[in-house]
Every structure is written in structure tokens, then in C-alpha cells.
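Subject: Structure for you to look at, with notes

Dear colleague,

I am passing on the structure we spoke about, and I would be glad if you could look through it alongside the notes below.

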Amino acid sequence: MRLPRYLSAFWRGSIRRQLVLGFALASLALMTVFGMLLLEQQRATQYQLSTDRATSLAHALSISSASWAAAHDLAGLQEVVQGFARTTDMQRAYFLDREGEVLASTNPHEIGFFVRDPLSRKMLGTETHDQLLLVDTRSQIVVAHPVLLGGRQLGWIRVEMTRDSVNANLAELMRYWLLFAPFAVVMVSLVAMALARRLTLGLHHLMRVAAAVEQGRYRLRADIRRSDEIGRLGQQIDRMLDALDAQQRLISESEAKYRFLADNISDVIWVYNLERARWEYVSPSVQKLRGYSAEEAMSQSLSDILAQASGGLVEQLIAQRLQDFLAGRDGTHVYTDEIEQKRRDSSIVWTEVTTHFAHNPQGEPILLGVSRDISERKKAEEQIRNLAFYDPLTQLPNRRLLLDRFDQVVAACKRSQRHAALMFIDLDNFKPLNDAHGHDVGDLLLIEVARRILSCVRKMDTVARFGGDEFVVMLHELSVEHQSAVHRAMHIAEKIRQVLGEAYRLEVAQKHGDMTHLVEHHCTASIGVVLFDQRCESHDDLLRLADDAMYQAKQGGRNQVRFLESRPPEHSPS
């Protein structure tokens, strides 16, 4: 198996070898075919001549011996036959009578013997008067000719001749051919070698030019001063190099512009190879965004870059979108996501990431993206959200967020079949504090009230400020049993009432200087409680009932908790 590969590599490794070997093999094949055809033609011609010669000899002997045979002069007959003994290639010639007895022969010791071989017996039994060709091989020819006189057959002349001289001539011709053929092949190979050298000199020059250009010598040109195909090829290569040089200049200018933009814009441009799970490019502006150099960022994995809150979601989105892209369902869609990324100092930066999928020159799927710092925008959005849904003083949910969560609590009650409760809380002794010490001190009291209420409820419950000194508490999923839920809600309400009734010690800063003074105040709360479930009325009705319950507490002497039913409880049949 190695020899064919070696021969194939040897044959294809050089145009010179291909030309020389091709010419040599072609000339050898032509010489071989020509020699074989010539040899066969000469063999056929020489064999035919030897056959004609044997036939002529047999015919001449037949004519010469007819009269001697008719006169029964055996001595004369022997002399006639013996006269042909020195003929070239003569093996033997003899005269047979019709019975097969040898009457005369070039070998005198055969006279008087009868021929017994099948070929001779067959010849004697033939009645024809024509000459017979008994044997015709590469080494021998045997011809029989009837001896006739006056239409009467007297016997047969048989001539046996070898073809030694013919075969010797053919062998000599073969030797000459064997000497001439290698000489011709060598001469053709030398001519092919000279021609191949001339043809490949230009190609080798072009190869050296190409190698030099590959090493960076872009200004080098072929400059072959020939008018043949290789000269035209060199001219084409020179024009191609000129075009590539111009294109390279344009690319260099474009790369310089692109690098200038990539190095100076604040957005981070990046390319991520999805098949190899590594970065192909990250612009230097990543230093400003995350505190890492471009080289450091490219050595990090996705999990190193993404914050924990964004990591799982991003990997899931990439996998889903990549599947759509590979299936042809993505088109040229561009995705925009808000993602949290980790900085060098372990802080988190919010980024807006714009991405789309593509293939690199190797056919591998890649993700092209631009990351932009949106921390300030997120802060502004958070501030707007806080203003829209939270009380700016106590940071508790406002009425709008409370009503939004009310719908969520009703949906949860429907799923769990549990009850929920709504409390309306109003401070009993708040206005005198504002009148005596001003609204700043009143604000401190409201902040402390919010803190105390939050300490009495669970994280899942909602505490909201309705305005002024009014607060609303919504307790989630208390119990399935009505009485148990009422008991739980009243217990929490009583706990809040007691906590709010404890003395307040408020540190108030002086208007001038860093000194503070302590303001002590006693304040209680009146609390109205309403229980509801998935069958509840609207939030306006519940708030009205809770407010009514709170007013009943105030009318009852304040610092009390009052409970109102939103609807009569259902009783299971006994």
C-alpha cells in the first residue's frame, strides 16, 4: 500500500518529473509498440519468404527428378537430390515412390527405407496433383510436391527446411531495437528535461515571489519578461498583487477607523463563539464598563461575567435563540436585553445588551453584541418606580401599590382557599405632636410607626401608608377556617396596637449645629379589621368597611381594635 502512495507523491511532486517521466514513458510505449509491430511484420514477411523458397525448391526438385524417376535411374536421381543438400536452412530432401520407399535423399543412409510416420502416410494416400504444405512452424517448414510425368504420378518430393536464418535475422533485429529503444528514450527524456527546465524556470520564479509576498514583502513583483503563457501568468499575478496591495491599504484604513471607534466609544463591542464557548473579540472599552482589560475579559467565562440573578436566564435565552437561529426561524432578528454584570470590585453594573446571531468564516455559530452601561437609567427608573408605588417618607407601599397587591392576594386566596385580612390604622394622638414640634418631628414619628408595624407582620404581608397618619395592613393567607383566621388577624392587630402604644423617643436635630434633642411622645392607634376571601367585594368596599371599623374603635374610646365581617360566614351542613 505504501509503494503506490510513494509513486503517486513522487509523480505529483514536481512538474519537471511529470514532464520527463511522461515523455519517457510515452516514448518507451511508442517504441515498444513500434518495435513489436515491426518485428511481427518482419517475421511474417521472412516466414512467407522461407515458405516460398521451400515451395520453389520442392517444385524444382520435382521437375528435375521426373525424368530420372521415369527411367529408374536411381543414381541420377540421387545426384539430382544431393545437389540441393547445401541449400541454406535445408534439413533434408528426399524422393519417395508411391509406396513410401526413399529412393533418393540428401541423407544417403535413409535410401531404401520406408516412411512410416502418419504425416507421410497421409501424404502418400492423397490423390491430388498439387503441392502440399505439411508443416509450417516458427522453427521448420515441410513441403511435399508430387512428381508427375505425362499426367502420371511417379512419387513425391519432400523438402524439410529450418527457419534458423530467418530467426537469426529477427533476433538481430530485436537486438538492434533493444539498443535503439533505450537510446531513443534517453534522448527524448533529455529533450523533455530541457523543455521542462525552461517551462518551470518561470514557475519557480513565481513560487519564490509568492513565498516572499507571503512573508510580508508585499511590494515584490514577478516581472517575467516572457511572451508565452508563463509570462502572461506572471503579468496576471503582478496585477493581482497590485489589486491586493490596494485592497490591503483600504482594509488597513478601515481597520484603523474601526479600532479608533472601538477604543474610544463607551459601549463594549464583542464577539462570542458559541461552538467553542470562548470570546473571539472584546473591545478595550470593557475597561471602563467592568474594570477588566480586554485580554482579561476574553479569558473569562460567561458565568464569570454575569451576575447570579442574570446567569441562568441568559444561558437559557442563548440556548433557545441559538436553536431558532440554526433552524432558520430566527431570520435577522436583533435582541435587546437588560443584564447585570460583575465588575472587578465585585459590584454589579446594569447593561443593555444588543445581540444577533451569525456564522464566522469557519461556519461556526457566533453571537455579536454591544453592551451599554445603563446604571444611571436604572437608578432613574427605580426612582420613578418608588415615586409611583412607594411613600417617599416611610418607603412603604402607597395606595396604588396596595391596590395592585390586593388583586394578587385575592388570586392567592382562590388558589389556597385561605382567608385574608385588611387593617385600617389611624393614630390617635398625632396632631398635637405636629402642632407642638413641627412637621419634621411628625415625620420622624411616622417613620417609627412604619418600622413598628413592619416588625409585627410577616414579610409576605403588606404594610402601606394611605396618607397623613393613616396606615393599611393586608395579611395574606391566614387560615382556611373562618374563626381561626379571625383569631389570627385580631391577634396581630392587638400586637400592633400594643407596639404603637409604647412611648416614642425621637431624636430631633437642631436647626443650627450638630446637636440633637430628645422629644418624648405618647401616641396610640385605633385599628379596624375586615376579613375577606376569594368571594370578597371590591377593594373600595373592603377599605370602606375597614375604615368604618376603625371609626367604631375611635368612637369606643380610641386605642382599640374593632372587627367587621365583610359577609356572613358560610356554615357547613351538620
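What follows is a description of the cavities, a pocket, the salt bridges and a surface patch.

This is a predicted model, in which local features need pLDDT of at least 70 and side-chain atom pairs count only at pLDDT 80 or more, while totals for chains, interfaces and linings use all residues. Residues are numbered from 1 along each chain as its sequence is written, and side-chain values use heavy atoms, with hydrogens and water left out.

On a 1 Å grid over the protein atoms alone, a cavity is a set of points where a 1.4 Å probe fits but cannot get out, whereas a pocket is an open set with protein on both sides within 12 Å along at least five of seven lines, and lining residues have an atom within 4 Å of a point. Grid points are joined across faces, edges and corners, and a volume is the space filled by probe spheres set on the points. By this rule there are three cavities of 30 Å³ or more, and the largest cavity has a volume of about 360 Å³. Its lining consists of 24 residues, with W270, W279, L302, V353 and S371 nearest the centre. The largest share, four residues, comes from α10. The lining of the largest cavity divides into 18 nonpolar, three polar and three charged residues, where Ala, Val, Leu, Ile, Met, Phe, Trp, Tyr, Cys and Pro count as nonpolar, Asp, Glu, Lys and Arg as charged, and the others, Gly among them, as polar.

The second largest pocket holds about 180 Å³ of space, and its lining includes H72, F95, D97, R98 and Q153. Two or more of the lining residues come from each of α2 (15-70) and β5 (152-162), and β5 gives the largest share, three residues.

As for charged pairs, the whole structure contains 26 salt bridges, each being a side-chain nitrogen of Lys or Arg within 4 Å of a carboxyl oxygen of Asp or Glu. One of them joins R377 to E338, with the closest N and O atoms 2.9 Å apart; because R377 lies in helix α11 (residues 375-389) and E338 in strand β8, this pair ties together parts that are 39 residues apart in sequence. R377 also forms a salt bridge with E352, at 3.3 Å between the closest N and O atoms, and this pair links strand β9 with helix α11 across 25 residues. E352 is buried at 18% relative accessible area, whereas R377 is partly exposed at 33%, where buried means under 20%, exposed over 50% and partly exposed in between (1.4 Å probe, protein chains only). Within helix α14 (residues 439-456), E448 and R452 are four residues apart, about one turn of the helix; their side chains meet in a salt bridge of 3.0 Å, N to O, and both residues are buried.

Finally, F180, F183, V186, M187, L190 and M193 form a nonpolar surface patch with about 590 Å² of accessible area together. Patches are made of residues with over 30% relative accessible area and no salt bridge, like charges being joined within 9 Å and nonpolar side chains (Val, Leu, Ile, Met, Phe, Trp, Tyr) within 5 Å, and accessible areas come from the Shrake-Rupley method with a 1.4 Å probe, only the protein chains shown counting as cover for residues. M193 lies in helix α5 (residues 164-214) and is partly exposed at 45% relative accessibility.

With best regards
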